Amino acid sequence: MSDGAARAGAAVTLSEEVRAEVRAIAERYPKRRTALLPALKRAQQVAGYLTPALMAEVAELVGVPAGAAQELTTFYSMLHTEPHGKLHVDVCVQLPCGFMGGERLLKQLSTDLGVAPGETTPDGLVTLARTPECFGACHRAPMCRVNDTYVENLGTPEAVQTLVTSLKKGELPVPVPVPAPAPAPAARPKPAPGFEPVLLPHPGRTSALSLEEYRSEGGYRGFTKALTEMTPAQVIEEVKASGLRGRGGAAFSTGLKWSFVPKAPGPKYLCCNADESEPGTFKDREIMEVEPHSLVEGVAIGSYAIGSNEAFIYIRGEYVEAERRLLHAIAEAEAAGLLGKKIQGTDFDLKIHVFMGAGAYICGEETALLESLEGRRPMPRSRPPFPAVSGLYDRPTVVNNVETLANVPKILANGAAWYSQLGAPPRSPGTKIFCLSGSVNRPGNYELPLGAVTVRELIEQYGGGVRGGHKVLGVLPAGISAPIIPEAKLDAKLDYESIAAAGSMLGSASLIVLDETVDIVRAATRMVEFFRHESCGKCTPCREGTQWLHKIMTRIELGQGNPADLDLLKSLSSEISGKVLCALGDFATSPVTATIEHFREQYLTQIGRRAPVPDWSDR
Amino acid sequence: MTDTVNITIDGRVVQVPKGTLLVEAAKRAGIDIPVFCYHEKLKPVGACRMCLVEIEKMPRLQTACTTPVGEGMVVRTQAGNVKAAQNGVLELLLANHPLDCPICDKGGECPLQDTTFAYGLGESRMTEPKRALDKAFPLSERIALDKERCIMCMRCTRFQAEIVGDEAITVMERGGQSEIGCLPGKTFDSPFSGNTVELCPVGALTSRQYRFRARPWDIKVRVPAVCNGCAVGCNVELHARDGRILRMWGRDNTEVNDIWLCDRGRFDTLPTLAAERPRKAQLRRGDALEPADYSVALGGAAELLRAAGKRAAVLLGPTLSNEALFVAGSALRRALPEATLAVWPSAATAWPVEGSVAQLKRATRILLVGLDPWSDLPVVALQIRKATQAGAALVVIGEHNGLARDSALWWRAAPAEQPARLRELLTALDSPAAQAGSDAQRAASPLQGQGPAVLLADPNLAADAQTRDLLRALATKLGASAATGMFGAPALAANGRGAQDLVPELVAQRLPADLDAAFDCVLCIGGGAAPALGPGKLLYASYEAPGAAAVPKMVLPLAHSYEQAGSFTNFAGAVQPFQAGGFNNPALPADFALLGRLAAALGVQGPLELAGVREALAAQHPAYAAVLARPAKGRPLPLLHEGAE
C-alpha cells in the first residue's frame, strides 16, 4: 500500500519501473488483455487508487482501449477510484459474521476510531467500511480485513483493543493467532471405522506442507502414474469410475466433464475455480493454505487428462495468503521438475498461472470467471457454446473447483475403486469437507464421508453443539444460496440426495447454523443484500429483481412492511427464478421464499410490530 | 444439398439454414418474439431475457436470441409460462424506468413502449422509490444520455466494442448501480457515436441535434437517400417535418454501409444546419449582395461567362450529382467551347477502384497504402474491421492509421517515403528469406497466404505512373482481384467516382495554380469552399453560403443533394440513385437543372428534367442505364409535394 499517495490524492503517474512491470505482465498470457486486471491492481498498489489518467495509462501499456479499464475498475470491489485512508478496514457483516459479532465489531471500531462506516478518519489513516461480502473466515468470526491482511477471531475486547491500537498508529495489525481446535482432531468421533481423511489429513494444522513433506506422504505418485503409465483417456476413465462429483456446488461428474473436451489439436485450458466467495465457505482456503500441493498435483493431472499445457488457478483477490503459498508450491514443483517442459522425461509441458481476482462473487460462476481471465467485465456468458467447446479465448476449457481437483491425486494413486467405496456410493461417493459456522461452539472445516452423518450430528458431535445452549432455528446448508432447513428436518443425512429430499441443496456444503435468537427477517434481508451487491447487472430479472426484493425486505426490517408484501416477494421471486442468465439470480430468491415458507409467523410478527428489527451490535 | 433444419414453432413447421438463431427462425415463420438486447448486426448476449420461449424437452425457458435451431425442435411462444415470463421481465424493466414518455424523444417510436403495450400487464406493483440518476447528461456535443431510462441492453457498448473497437463508452459499476458512460473527464468522442442513438431501444441515448424537434408522427416524409459527405455513399433515410429535414437514419445495405453511418455524415451534412443559406438569387451591387430575380440572374451569369471567352471557368464541386456532371460535360461543354471546365477540388484517380465492399468484408488480407479510411472513408473502416475481426490481417503503410488497434502491422511512412516502401514490400513478398528481420518482412509476413485480398491506396500516390505500376504489381502479387476482393485508389470526393466515370476529361483537366490571374469569370457550382478570387469574378452556385472570405458577384442558390433527385457513384463504382423528398420548398433548382438552364441561355438546348437527363446519360453510359432505371431502395414514402425536382 503506498504511503501518502492515497491520502494526498496526488496525481500519480507510473514510474518507468512499474511501467516495465506492467509491460512484462502483458507478455505473460496467451492474450494481452488478460493482463489488464493484474496490471490495474499493480498500479493501484503503487498509487493507492486508480484515477482516470492511471486507468488510461495502464490500458495503453496493455494494449486495450481506456474504456476497458473503466469497465473493470468500477466493477470489482477491491479496485478503488477514490482516495481512502492508508489503512482500509473492511468489516464483514454478512451471515454468519453479522450475528456472530460482526455488527458489534463494526460499532466498536466506529466508536473507538471516531469514524462512521464509509468514512475516513480526519488524520487520513483509517477508512472504515461495512461490507456485505464474505471473506471466507466464517469459522473465525468476527473478523475484518485491513488492506490485504485478515484479522480474525476478534470476539474478545482484548483482541479488538489490540487492533484499534495498531490502526490508530497507522500500522498494519498483526493477525490474531488461530487458537488450537478443541477438542484436538484426534479426539473427534470417527464417522466410520478406519476412516482416513482424503483432503485434509492434518486437521487443525495451519501451516503449509512443503513439497518434501507432501511427497513423504505419497504426494505426486498419482501424477507420475498418470503421466508415465496412463493415457489421458485412461485418466479420464479412472476419474469417471471413481464417481467424483464437482465440489463447487453443481456436483456434476468430474470425469464426464473432462470427457467433453474435443480431441482436436490446438490449445486447451484447465482452470481451477478458487474464487470461493459463498458466505459460510472456507474449505478451498484451507486446502490451498495447508495442502497447496494437493491442488497443484490435481491441476497437473487434470491438465494432462484434457490435453492442456497451460492452466490457470483463479483465486479470489482477498485470499492473499493462499496465493503466496500456492506460488511457493508451484515454484517448488517447477524446481523439482514436476512442472515445466517435458515433465519427468515425457512430452508433456505444463505451465500453471496463479491469477488473482479483485472482489466479485460472480467470478465463481465459470463463464464469468473466464471473462475475468480474459480481461473483460466478468459477466456470465449465454450457453451454448459451453466452455468445454469454447471457453477461455474461445478454446476448449474445463473449470473445476479446488476441492474437486484436490481429490484427484489420491484417486489416481489409490485407484477409482478405493474412492468409489467411500461415502455414499453410487450417487455420492467420496468425502466432503463440511464448513460449519454460525451459532456453534466449534466452527471449522470437517472432512467426513458423504452420507456418514446427519446435519444434527455434525452440529452436536463435531460442532460442539449450539452456542449458549440455544436451539437451532434453521441451517443454511449451501451457504446462503439454498433454502434454509428448519430444525425439524435436521436429521437428513449430509449427502446430495438426502438434502435435496429435505427441500434444499447440499451445494458446496457450507453449513451456517442460525439459533433461535437470530432474527430471521434480519438474516434474510442480509442475505438478499448480498445478492443485490453481487449481481453483475447483465440480465434484467437479477439486476432489477434483487434490488426490488431488497428494497421490500429493508422496508419490512425497518418496520414499514405490510402483509401483502409477502405475496409480492413470492411473486417477484417467481419472476426471477428460472428466468435468469446464471444461477445467482435463482439463488437470490432462496432466502426470501424459504424463510417465508418456514417462518411466516416471524415475518407477520415483525410486520405487526411497526418498529425496526434490533440490530446485532450486542451479539 | 443445403444444410437446413426443420423446426416447429407454435405449430408451424419452418425450414431454415443450420445455425439460424431461433429468434430469426421465428421471424421467417411470421412470428414475433419481442427483444431488446438482440440486434441482428451484433453478437447475441441473452441479457434482457425478453425473448424467453419454451422449448420442448428443456426444463427451463430459453432465450430465443442465443439458441440456434436444432433439428426437430418444438418451440412455443404463446404458452402460459412464456407469457408470465414476458410480463415479469417487463414489470422488472419498468420498475426503475422513469415515467418520461411525455418528455422523451423516443416516445412513439419506442420498442419499450410498443413491447410493453403488446406483452406486458397494464400495471406495475412497484411502489418503492426508484433510483435517481443523471438525466440529459451530455456524453458529447452530439449525444445526450438519460441514465434513468437505460435498460442496460448494452447495444451501445457492444457496438463500440464489436463494430468500432474503441470502447468509447462502456458499462460502469455493477448490478443495479450499472450505467453506461465514458472515462471521467472524457466525452463520447467516437466518429460513429450517432449509431448508438438508432440502436438504443429506449430514450436513453438521444441526439442533441434532434432533441425535442419532433414526434415520430410529425415526420410525414421519410426519403431513402445517399449521404453526400464522402465517397462511401452510405445509404440513408432522411426524416422531414414541415418541409425541413430534421435527422438522418441509416438504411441497410450490406453492399455499402450495412446500417452504419459516421457522425459527420449523419449530423453535419443536413441542410437545415447551414447557417444563412441563400434561398434567393443575389447580385452584387456595390458592397452588398441584393436579391434578384432568378431568371434574370441566370441570364446575367450566362452573359458573363460567354463574354469572358477563354478566361471563363466552370469549377464542378464534389457533391454534384451524376446527372449534373453529365450535363456539364455535354450541353454546357458545347455551350462554352472556349472556357475551362474542371472538377475542383481534384477528384482525380488514375487507378479507379474495382471490386466491392461486400468482398472487402470477406477479405483475409488487406493492405492500405497512404490511406486512412477511419478519416477519409469512415464506414469503410468499420467494414475493414469486420474482416479483421473474422481473422483478416491488416497491414498499413502510411502516416495516419485510425485502425492501428486492428492492424497486424503499421509501417509508418510519410508520403515521400511510401513508393520506396512499396518496392521493399514487393521484394519481401517475392523472397521472404532474403529480407528476414527487416521492416518489409514484418509487413509482408501477415500478407502471405490465400484468400481474397484488398489493396487500397492514396490517389495522390497512384497519380505517378511508376508508383501506380508498383501498386498494380502488389495487387497482383497479393491476388487482389475485382472478382473476389478489391483494389484501387479511391477518389475521396463524395461523387468523385461519378466524375471519373462520366467526365474523365473534366477530371483530368489541369487548372493553373493562380486562378485569379488566369480567369475573369469563374462559376463555382456544387458545394465546397469558394476559391480565392478577386472581386467581381465569382459566380457561386451552391446549397451553402459562400463564406465570409469570398466576394461573389452573384449567388445562385441550389437545392441541396438531399432536396433533389439524382445519383452518386461511390468509390467502389456503385451507382446509387436518390429521390426528391418533397422538402425543397420554396423550390430551388436541382444542380443538373441549373446547368441545363445555363446551357440553354447560352444557346445549347438539352433536357432540363430528371427523366430526360437520365435518358441521355444512360444512352452514353450503358453501365449506368440499368441502375438509373430502377427506383431507389427503401421504404415507399408519402410525398408531401409532388414532382419537386
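How many positive and how many negative side chains does chain A have, and how far apart do the centres of the two sets lie? Chain A has 64 positive and 70 negative side chains, and 2 Å separates the centres of the two sets. In this count Lys and Arg are positive and Asp and Glu negative, with His and the chain ends not counted; each charge is placed at NZ of Lys, CZ of Arg, CG of Asp or CD of Glu.

The model is predicted, so that local features need pLDDT of at least 70 and side-chain atom pairs count only at pLDDT 80 or more, while totals for chains, interfaces and linings use all residues. Residues are numbered from 1 along each chain as its sequence is written, chains are lettered from A and ligands numbered from 1 in the order in which they are written, and side-chain values use heavy atoms, with hydrogens and water left out.

Chain A contains 24 helices and 15 strands, where helices (H or I, at least four residues) and strands (E, at least two) are DSSP runs numbered from the N terminus. The radius of gyration of chain A is 24 Å, close to the 25 Å that the globule rule gives for 619 residues, so chain A is as compact as a globular protein of that length. The radius is taken over C-alpha atoms, and the rule is 2.2 Å times the number of residues to the power 0.38. The C-alpha trace of chain A spans about 70 × 60 × 45 Å along its principal axes. Of the 619 residues of chain A, 63% count as buried (under 20% relative accessible area; exposed is over 50% and partly exposed in between, with a 1.4 Å probe and protein chains only). Chain A exposes about 21,000 Å², of which carbon and sulfur atoms supply 53%; accessible areas come from the Shrake-Rupley method with a 1.4 Å probe, and for residues only the protein chains shown count as cover. Among contacts (heavy atoms within 4.5 Å) between residues of chain A at least 6 apart in sequence, 73% join residues at least 24 apart.

The contact between the chains takes 48 residues from chain A and 43 residues from chain B. The area buried between chain A and chain B is about 3,700 Å², and carbon and sulfur atoms give 52% of this area. Buried area denotes the accessible area (1.4 Å probe) that two parts lose on being put together, summed over both. Q70(A), W548(A) and K579(A) supply 17% of the area that chain A buries against chain B, more than any other three residues.

L199(A) lies in the loop between helix 7 (157-169) and helix 8 (211-216) and counts as buried at 2% relative accessibility. Leaving out residues up to four places away in sequence, L199(A) touches E291(A), E403(A), A406(A), N407(A), T431(A), I433(A) and E447(A). The C-alpha atoms of L199(A) and E403(A) are 7.7 Å apart, although 204 residues separate the two in sequence. R104(A), in helix 6 (residues 102-113), is partly exposed, with a relative accessible area of 30%. Beyond its neighbours within four places in sequence, R104(A) is in contact with G155(A), W616(A), S617(A) and R619(A). R104(A) and F260(A), 156 residues apart in sequence, are 49 Å apart, C-alpha to C-alpha.

In chain B, helix 19 (residues 591-601) is mostly covered, with 8 of its 11 residues buried. The buried residues of helix 19 include F592(B), L594(B), L595(B) and L598(B). The packing partners of these buried residues within chain B include helix 7 (294-308), helix 8 (322-335) and helix 20 (610-620), as well as strand 24 (521-525). Helix 19 is followed by G603(B), whose phi is positive, near 100 degrees. Q418(B), found in helix 12 (residues 418-430) of chain B, is buried, with a relative accessible area of 3%. Apart from residues up to four places away in sequence, Q418(B) touches G370(B), I397(B), G398(B), E399(B), A413(B) and L461(B).

Most residues other than glycine have a negative phi, and most peptide bonds are trans. The bond from P425(A) to P426(A) is cis, with omega near 0 degrees, and P426(A) lies in the loop between strand 9 (423-424) and strand 10 (428-429) of chain A. A cis peptide bond also joins W344(B) and P345(B), with omega about -5 degrees. Phi is positive at K342(A), near 45 degrees, and at M154(B), near 65 degrees. K342(A) is exposed, with a relative accessible area of 53%, whereas M154(B) counts as buried at 6% relative accessibility.
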